[in-house]
Amino acid sequence: MRVAIDSGGTFTDCVYLRDGEVHVTKLFSTPEDPGSAVFAAVEQVAAAGTLVEVRHGTTVGTNAMLERKGARVAFVTTAGFEDTISIGRQARSSLYDWFHSPLPPLVPAELRFGVEERVSAEGVVLKSPTAESLQVLAEAVRQSGAEAVAISLLFSFSNPKHEMLVAEALEPLGIPVSVSHRILPEFREFERGSTVVANAYLSPKVSTYLNRLQSRVMSTYSAGPVQVMQSSGGTVAAGIAAEEPVRTVLSGPAGGVIGAYRLGRLAGFDKIIAFDMGGTSTDVSLLDAEAGGPQTTSEFVVSEVPISVPMLDIHTVGAGGGSIARFDAGGALHVGPESAGAVPGPICYGRGTLPTVTDANLTLGRLDPDLFLGGKITLDATRTLRYMEEARGPIGSVEQFAAGILLLAETAMEKAIRVISVERGYDPREFTLVSFGGAGPLHACSMARSLQIPRVLVPRLPGALSALGILLADTVRDYSRTVMLLVEDDDAIRRELAYLEQGAQESLQRSSSAEVSHSVDLRYAGQGYELNVPFTATYREDFHALHRKRYGYADAEAPIEVVNVRVRMTLPNAPISLPREEPVAGDGKQAVLKTRRIFFDGTWQASTVYQRELLRAGDRLEGPALIAEYSSTTVVPPGCTSTVDTYGNLVIEVHAA
């Protein structure tokens with residue numbers, strides 16, 4: 001039995017495979033102890049002693065970064081460069097905000113230590129650390145009270161000898177040690193140091209969490225190691241994730257991207273914009289099959305901390321179902337990024353008192369209070385209306401107030417989609433919006449209309465697609481190394497890739513089933529940043545084409561540098577066959593539950609409510625309509641048409657209002 005669990009800010013989603021069928025269950029998250037909800041989910045679907053394979057998307061690392069609740073870290077680097085992680089780059093996150101104060105670095109000045117050593121950019125040892133200096137360093141770190149250590153020496157990616165000596169000297173301290181030549185053997189000392197510091201910062205908390213969870217699972221069930229979703233879109237054993245927790249900071253959202261891409265391709269769509277709206281945030285990603293599907297980036301920032309290990313290219317905004325609406329001192333309405341979370345939650349859950357996006361949807365009739373989570377929870381519409389009336393301030397009616405909340409939330413999400421599409425040379429009108437998350441299908445058609453996206457796909461189990469993506473994901477390990485070569489020397493590039501692959505094969509114990517892919521980071525000589533392309537016979541032409549798409553120009557005559565080489569090892573997951581049904585033309589009348597009033601475009605309109613589980617392939621529904629199911633609710637506005645495809649997906653044709 002295979003079980004995948006995704007921990008969210010409001011709900012913990014569990015998708016499991018039993019007798020070839022995919023099932024889903026949802027529990028409220030337990031932020032004070034995320035593992036409780038995760039283990040409770042396993043207990044709900046599997047009896048003790050059952051043979052299970054548990055896969056997990058975790059937010060422990062993400063939340064530790066956002067809340068700044070990680071370990072006390074000692075940073076060890078080459079003497080004279082101790083303050084690089086504080087100085088950072090010249091770029092400012094808020095260029096015109098005079099009152100913006102950056103968050104303090106993860107390592108305070110008193111925990112930064114220098115080592116008298118030096119290696120050249122070519123890897124030549126210029127000065128070695130003495131045994132006495134390493135003993136002094138170890139004692140200083142011990143007295144500092146550090147709970148973890150991050151080591152990042154200059155040019156260690158060219159020659160890691162000195163980092164290995166420092167790590168050996170600090171090993172007797174008995175605290176986690178993160179070393180840059182293992183985590184990120186690439187140039188740019190600030191980003192490399194920042195990434196290794198983040199890894200050390202998360203290591204005690206994440207490793208304790210994963211080890212405890214794995215121990216509970218393996219002592220209760222007949223199970224192997226828990227598999228943890230990485231930010232790069234593949235799983236890895238919990239033991240590896242505990243040593244390199246920095247690779248899990250986008251664990252949950254990565255599952256959603258993989259699920260959206262797999263199901264979108266299965267439905268026949270090659271150009272996809274993944275739109276994942278949960279309780280606290282919205283994640284969007286652009287997926288083009290012609291470009292190789294899900295793309296990774298090494299330029300990611302979490303809580304103002306650069307992290308340069310490969311991550312799926314996901315853009316996140318603080319707009320979710322639990323986002324709180326408020327008026328500022330000037331009377332302007334704002335939505336998010338603060339969220340009501342699972343506790344106290346939105347007003348309609350019975351404990352919250354501040355209006356949220358979910359409350360606005362309920363107020364406008366876009367949620368049926370009796371059908372939430374398949375009827376397991378009844379939303380309190382009376383309580384919601386009372387608090388919404390009290391909170392609407394100078395706005396003329398509660399309907400206008402609720403509509404304004406939705407407009408602001410959708411505007412923030414539209415901007416995020418423009419960032420990953422229009423601003424990168426892609427036309428959203430050529431794509432299909434794959435909408436999921438508990439709140440995504442409520443807003444998908446409105447978003448598509450604003451962006452002129454012609455089609456929305458709401459997959460099966462939309463509220464648990466991230467967990468389904470984790471269930472579908474392959475096991476993946478990524479390896480990289482800075483080389484700084486000219487593209488004229490293809491043989492040298494192949495040698496570097498072969499060297500990197502050899503090390504990767506050894507770490508995977510030379511698994512014969514592993515699939516290997518090579519790529520290179522390229523730039524025109526003199527540029528400061530690079531683009532990643534697969535290393536194929538046409539890699540030069542592919543780079544020029546990608547550069548033209550991204551920046552509007554290319555120079556076929558300019559010399560090209562290979563900055564980094566990359567190897568990805570993939571162990572394919574056992575395939576899962578999703579159920580199919582031959583489509584038969586129908587109108588879905590067998591799934592009609594009731595008619596209810598929903599507020600669209602300033603007026604209340606009679607709308608048909610359908611039970612999604614009763615719809616059949618080939619059914620065609622006209623808006624306005626509400627399609628309720630266990631894990632989510634889909635709103636079909638007036639003028640839109642929804643068809644159920646052979647896999648049970650809702651394919652909604654979006655027409656201009």
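Across the whole structure, a search finds 12 aromatic pairs, where rings of Phe, Tyr and Trp (its six-membered ring) pair if their centres lie within 6.5 Å. One of these pairs joins F327 and F401, which are stacked (planes under 30 degrees apart), at 6.0 Å centre to centre and with 15° between the planes. This pair links distant parts of the chain, 74 residues apart, since F327 belongs to strand β21 (residues 323-327) and F401 to helix α12 (residues 398-420). F327 is partly exposed, with a relative accessible area of 27%, whereas F401 is buried at 1%; buried means under 20% relative accessible area, exposed over 50%, and partly exposed in between (1.4 Å probe, protein chains only).

This is a predicted model, in which local features need pLDDT of at least 70 and side-chain atom pairs count only at pLDDT 80 or more, while totals for chains, interfaces and linings use all residues. Residues are numbered from 1 along each chain as its sequence is written, and side-chain values use heavy atoms, without hydrogens and water.

Charges also sit over rings (NZ of Lys or CZ of Arg within 6 Å of the ring centre and within 35 degrees of the ring normal).

| Charged residue | Ring | Distance to ring centre |
|---|---|---|
| R216 | F39 | 4.1 Å |
| K549 | Y426 | 4.4 Å |

Notes: Rings of Phe, Tyr and Trp (its six-membered ring) pair if their centres lie within 6.5 Å; planes under 30 degrees apart count as stacked, over 60 as edge-to-face and the rest as tilted. Helices (H or I, at least four residues) and strands (E, at least two) are DSSP runs, numbered from the N terminus.
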